[in-house]
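Biologist: Please take me through this chain, and tell me what each term rests on.

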Amino acid sequence: MTTTQSPPRVSGDGGSPRRGGRRDRMPGVGAGEKAVGLINGGFLLLWGLITALPLLWAILSSFKTNGEFRVDPLGLPSGVQVDNFSRAWSAANIGQYFLNSVIVVSISLTLTMLFGAMGAYVLARYDFPGNRFLYYLFVGGLVLPVFLALVPMFFVVRNLGSLPVVGQFLGLNSYLSLALVYVAFSMPFTVFFLTAFFRTLPTSVAEAGIMDGCSHFSLFWKVMLPMARPGMISLALFNFLGHWNQYVLPLVIMQDGDKRVLAQGLGTLAATTGFRADWTALFAGLVIALLPVLIVYIVFQKQVQAGLTAGVLK
């Protein structure tokens with residue numbers, strides 16, 4: 001006896017067959033997933049507004065007159081007041097503070113990335129006694145509050161100025177001393193991040209370089225370091241932001257008025273602005289301080305995204 005099977009019933013819209021009277025849903029398109037997507041999108045939109053609106057307000061306020069700012073702080077400027085920037089640059093000495101910050105950050109960022117990359121590469125690619133101890137020693141530095149180190153740091157830096165020969169370049173009110181302090185506080189996160197990144201690099205490339213006659217020194221500079229370029233750029237940007245916006249450390253070391261960095265200068269300008277009612281000059285100084293950060297991020301935006309996702313993709 002021959003039996004025939006009826007063909008499966010197909011829904012009217014050409015979709016998938018029903019099971020138990022209900023059509024199967026593709027994963028990720030259910031009502032719950034849509035609700036989660038809407039919540040995530042709404043949260044990101046809210047976070048973007050919280051971040052962007054104060055920045056936009058500061059930029060618009062920097063082009064107002066003091067009279068316009070006092071009458072309508074949230075209104076649009078009637079024109080472009082370039083005098084606010086010239087007044088902040090010269091009268092408030094923001095120009096000198098800006099130059100001091102450029103000098104200190106240039107030294108500290110170069111030393112941080114150089115020593116951090118070298119240390120992280122050794123910890124990631126070579127096995128030796130004490131490797132794990134050194135690695136966790138750097139990781140432990142991440143939990144050290146900077147405020148606990150201010151007093152001993154002050155005495156250490158002050159005593160460095162009394163050293164023979166090199167003491168004239170160190171001590172309080174020294175660009176090099178402040179840069180070295182930045183390096184010390186940035187090194188734990190730099191080593192932690194780059195160690196994980198160097199571990200993702202293929203071992204076969206390093207072995208091929210050794211077989212072709214590369215020394216360990218040449219292998220690092222000519223092969224492995226160029227391969228770590230995305231991670232280096234990402235970390236350099238984070239360190240740049242931290243060094244550029246640092247306020248507590250230079251407040252302890254840079255006590256000379258002419259040696260202050262930009263964050264100190266803005267703090268001094270904010271403290272004296274209330275008495276002079278020159279709020280627009282303060283906002284102009286804030287915009288001057290923000291410009292290098294925005295320019296660096298816009299220029300290296302793609303490299304930063306590539307560096308953050310490289311470890312996941314590998």
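Modeller: A crossing is left-handed if the near helix is turned anticlockwise from the far one by less than a right angle, and right-handed if clockwise. Helices (H or I, at least four residues) and strands (E, at least two) are DSSP runs, numbered from the N terminus. This is a predicted model, where local features need pLDDT of at least 70, side-chain atom pairs count only at pLDDT 80 or more, and totals for chains, interfaces and linings use all residues. Residues are numbered from 1 along each chain as its sequence is written, and side-chain values use heavy atoms, without hydrogens and water.

Biologist: What makes the crossing of α4 and α7 left-handed or right-handed?

Modeller: The turn is clockwise by the definition, so α4 passes α7 in a right-handed crossing. The two helices pack at an angle of about 35 degrees, with axes 6 Å apart; axes are lines fitted to C-alpha atoms over the stretch in contact, and angles run from 0 to 180 degrees between N-to-C directions.

Biologist: Why is the largest set of 38 residues called a nonpolar core?

Modeller: The term means buried Ala, Val, Leu, Ile, Met, Phe, Trp, Tyr and Cys residues joined through side-chain atoms within 4.5 Å. Buried is under 20% relative accessible area, exposed over 50%, partly exposed in between (1.4 Å probe, protein chains only). Ile94, Phe198 and Trp244 are among those that touch the most other members. Helix α4 gives the largest share, ten residues.

Biologist: Which residues does Trp244 touch?

Modeller: Contact means heavy atoms within 4.5 Å. Not counting residues up to four places away in sequence, the partners of Trp244 include Phe98, Leu262 and Pro292.

Biologist: How much of the chain is buried?

Modeller: Buried residues make up 33% of the 314 residues.
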